[in-house]
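Dear colleague,

Please find the structure below, handed over for your records. My notes on it follow.

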Amino acid sequence: MYRLILSFLIFLAYVPFLSAETCGGPIARSHIESFTLNLSSDISFEKEFKLIDYASSARVKQLKILMEPLSDIEKKIMAKASLFKPYLVTRVKFDKLRSIFKAEALLSASKAIKDGWLKEKPFTPVMEDKLFGGHSCVFASLGPPQGRERYGDVLFRLDIKALENKTWGSFSSGYYFLKSQRHKNMKEEVKVIKDDIAGFSNTVFSGQYLDDLYPYMVINFLRSFPKDKANKISKELLSIKDRGSFCSFIDSNRIGYMEAKIADSVSLDVILAIEVPADKLSEVLSWPEAKPYKNKIHAVK
């Protein structure tokens, strides 16, 4: 047993890309530093998340003040966006699926490395780990029903209510934020400074406020369009009768999307559905590791 523990510690010492951050940790520390009271930043994840949670509550209220008054058509769109909520979806490549069943969870890169499921360097760039603890996050899209297909051919449908106490979202990826808002040269090694983290923290909203935020985000994007274009899109939005089409239309017209981050892991027990390519369905259902989740596994729609 001693040799096993020693071997594991040696393994950790030789994994330079293994993150010591928590998902959202740099953002929480940025909030702590903003008090300028030399407060300790050595706090639990629960306290870190609470800081993000409280800041999210305040920023939603601020957003409401800034965007009111709403026109009649904006109120109708807000009501519809509140009814047809965005989908929380994670996609992975098929060759990762069996190990996910074996682990019984979707794992962040850091946890997958620690638990021995991942040997290679994390896909998430180091700059995002420094910006918000990205290596300790499970990533998901908050928007269209099919998520972002470029991330893989297997789709996990997540229940945001079951995960809201460990989930937060931002208006863009950390990569895009550093490129578009901080004007970093992404062809070079990006140095993330405290001001970058503080700026990114202002785009972050915790899980329980994402439903409140989403309709305002849609209206804000519509307001940025020329009047004729905004009116045309608004009329089409109001004519749509189902959630899937509504969220897909919003995404295709670039008027609403967030990248969600979930701390550490997502147990397969709280997954709503697992959708795999139709030609792979029989194979997946034959895996012993998939048996406990048989009722959740379906062909991609």
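Where is the place of Phe35? Phe35 sits in the loop that runs between helix H2 (25-33) and helix H3 (45-67). Please bear in mind throughout that this is a predicted model.

Phe35 also takes part in a surface feature: together with Leu37 and Leu39, Phe35 makes a nonpolar patch of about 320 Å².

As background, most residues other than glycine have a negative phi. Thr36, however, has a positive phi, near 50°, without being a glycine. Thr36 is located in the loop between H2 and H3, and its relative accessible area of 68% makes this residue exposed, because the cut-off for that term is over 50%.

Asn38 is likewise not a glycine, and its phi is positive at about 55°. The loop between H2 and H3 holds Asn38. With a relative accessible area of 77%, Asn38 is exposed.

The other finding concerns a peptide bond. In general, most peptide bonds are trans. The bond that joins Glu68 and Pro69 is cis, with omega at about 5°. Pro69 belongs to the loop between H3 and helix H4 (72-83).

Yours sincerely

Notes: Residues numbered from 1 in each chain as written. Predicted model: local features only at pLDDT ≥ 70, side-chain atom pairs only at ≥ 80, totals over all residues. Heavy atoms only, no water. Patch = residues over 30% accessible without salt bridge, like charges linked within 9 Å, V, L, I, M, F, W, Y side chains within 5 Å. Areas by Shrake-Rupley, 256 points an atom, 1.4 Å probe, with all protein chains shown as cover. Salt bridge = Lys/Arg side-chain N within 4 Å of Asp/Glu carboxyl O. Helix = DSSP H or I, 4+ residues; strand = E, 2+ residues; numbered from the N terminus. Buried < 20%, exposed > 50% of the residue type's maximum accessible area, 1.4 Å probe, protein only.
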